Amino acid sequence: MLLNEMNPSIKALSIVVGILMLSFFFDPVTPLLSFLLTIAITFIFGKVSFKKWIFLFLPFLFMAVVYVWSALLFPRVDPGDHILWEWQFITVTEEGLERSISLGLRVLSFASLSLLFALTTNPIHFLLSLMQQCRLSPKIAYSIMAGYQFLPLMKEEMEIIRGAHRVRGAGRSHTLSDKIKQIKKYAIPLLASGIRKAERTAIAMESKGFTGEPNREFYKVIPVTKKDWLLSCMLIGVVILSVYVSFKLGHLSLYRGEL
Amino acid sequence: MLGNWKLREVVVMSVLAVVFGVIYLLFLQLGNVLVGMFGLIGYDLIFGIWFIVSIIAAYIIRKPGAAVMSETIAAAIEVMLGNAVGPRLILAGIIQGLGAEAAFAATRWKNYSLWVLVAAGMGSSVTSFVWGYFLGGFSALSPGYVTAMFIVRLASGAILAGLLGKYISDSLARTGALNSFPIGKEVRKAKQNHEISA
């Protein structure tokens with residue numbers, strides 16, 4: 001079983017379900033365990049470069065820290081919480097500390113699940129699978145693929161606009177308001193040419209017989225096999241196992257609908 | 001959902017979503033800087049920018065579903081470009097788009113004046129905040145801080161999505177690229193009236 005070859009739609013769905021389940025828990029043990037187990041799955045079953053993983057993971061680590069300190073500075077204080085430390089307007093309670101660490105770990109557990117998807121999925125296969133398994137309209141899917149191919153063209157066009165500005169002696173900006181006006185000078189022509197290109201593409205697609213019929217045949221078939229469901233069970237099982245262990249250790253804390 | 005959509009409109013919507021998907025990713029970096037400076041409320045300052053494609057697509061194409069589909073596609077593009085937030089971003093896109101779509105639906109997709117666009121931006125703020133509240137576990141934060149976050153996000157949705165979205169679409173219409181869309185006809189009519197009166 002190689003994660004990179006699994007069905008993208010089912011992989012995506014299992015990950016979203018896992019994340020939704022994790023959102024109900026406010027104790028540190030559940031997200032921590034899920035985080036560690038998901039990393040294990042990523043590197044055991046996936047062909048993932050460790051360097052790339054760390055590189056993409058670092059921003060999440062930063063976000064987790066922001067979550068922790070935001071929750072520590074502005075905690076919810078319920079009557080009956082045990083106060084650990086008080087200074088000026090900052091009150092740190094035992095419950096608050098646990099909840100803020102849990103929020104930070106929640107960010108990390110979400111990150112590990114998301115990275116498992118992002119690093120093992122080919123975007124075009126994902127779109128094909130959405131069409132074949134989730135009945136996404138081919139009109140939309142092929143339009144997205146066409147738009148996706150525009151990106152390198154737009155980069156080229158950006159260079160042309162920059163060159164045109166420079167030839168005319170425009171394009172030097174020093175103050176902040178000049179720089180903001182500068183953004184408009186690039187953005188509007190880029191968007192305008194993008195829209196013109198889109199209309200031409202649509203005409204080309206139709207003239208070649210593209211009807212957008214949902215019952216079409218595919219050159220590349222993205223199958224669903226038993227292994228896909230096994231992976232699905234494994235990913236959701238990770239969350240259930242984490243919740244169970246946390247419950248056994250007596251840490252489990254659920255979202256109780258507080259506003 | 002695509003019943004009366006022409007392929008031309010679908011491709012234009014996708015291209016708008018692709019362009020703004022890239023812009024959304026760039027703003028994520030800015031958001032991270034702001035969050036470093038102000039804490040969680042930093043994202044809310046610029047949150048409106050992440051709804052802008054809903055407003056632009058709906059304002060240009062003027063068909064039911066434009067707001068929610070364009071936002072969803074923009075989110076899907078972010079995922080395809082290798083954004084590490086992964087598939088849950090698509091769900092967030094649907095939820096944000098539904099907020100904007102609700103405002104357009106309330107006018108039966110007939111009214112695209114400034115206040116409707118602003119209301120659509122604020123609609124996305126509301127749905128995205130409810131989603132973030134649940135997923136981010138904001139109930140662990142003090143109610144005062146959460147209220148402040150919500151108010152800032154509403155303002156951001158109104159200004160960065162509603163007002164800026166209208167401004168960009170109108171500027172685009174003036175280039176003539178949107179002449180085959182209702183908005184282009186509107187701009188041309190306004191120009192003609194101006195010439196007659198002048």
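In which crossing, left-handed or right-handed, does helix 3 of chain B pass helix 7 of chain B? Point 6 gives the reply.

1. Basis. This is a predicted model: local features need pLDDT of at least 70, side-chain atom pairs count only at pLDDT 80 or more, and totals for chains, interfaces and linings use all residues. Residues are numbered from 1 along each chain as its sequence is written, while chains are lettered from A and ligands numbered from 1 in the order in which they are written.

2. An unreviewed UniProt entry lists "transmembrane region" at residues 12–41, 53–74, 107–130 and 229–247 of chain A. UniProt positions follow the numbering used here, feature names are shortened, and annotations may be inferred rather than shown by experiment. Residues 53–74 of chain A are 95% helix and 0% strand, with end C-alpha atoms 32 Å apart. For residues 107–130 of chain A, the values are 83% helix, 0% strand and 27 Å. Helices (H or I, at least four residues) and strands (E, at least two) are DSSP runs, numbered from the N terminus.

3. Chain A, helices 1 and 4. Helix 1 (residues 8–22) and helix 4 (residues 94–118) of chain A pack at about 175°, their axes 10 Å apart. Therefore helix 1 of chain A is roughly antiparallel to helix 4 of chain A. Angles under 35 degrees count as roughly parallel, over 145 as roughly antiparallel, 65 to 115 as roughly perpendicular and the rest as oblique. Axes are lines fitted to C-alpha atoms, for helices over the stretch in contact, and angles run from 0 to 180 degrees between N-to-C directions. Among the residues that meet are A:Ile15 and A:Leu22 in helix 1 of chain A, and A:Phe110 and A:Leu113 in helix 4 of chain A.

4. The A–B interface. In chain A, 55 residues are in contact with 41 residues of chain B. Contact means that C-beta atoms, placed from the backbone, lie within 7 Å. Helix 7 of chain A gives the most to the side of chain A that touches chain B: twelve residues. That side divides into 37 nonpolar, ten polar and eight charged residues. Ala, Val, Leu, Ile, Met, Phe, Trp, Tyr, Cys and Pro count as nonpolar, Asp, Glu, Lys and Arg as charged, and the others, Gly among them, as polar.

5. The axes of helix 6 of chain A and helix 1 (residues 7–38) of chain B come within 8 Å and cross at roughly 45°. That makes the two helices oblique. The residues of this contact divide into twelve nonpolar, three polar and one charged.

6. UniProt (unreviewed entry) places "transmembrane region" at residues 7–27, 33–61, 114–134 and 146–164 of chain B. Residues 146–164 of chain B are 100% helix and 0% strand. Helix 3 of chain B passes helix 7 of chain B in a right-handed crossing. A crossing is left-handed if the near helix is turned anticlockwise from the far one by less than a right angle, and right-handed if clockwise. Helix 3 (residues 52–61) and helix 7 (residues 143–174) of chain B pack at about 45°, with axes 8 Å apart.

Technical notes:
Contact = placed C-beta atoms within 7 Å.
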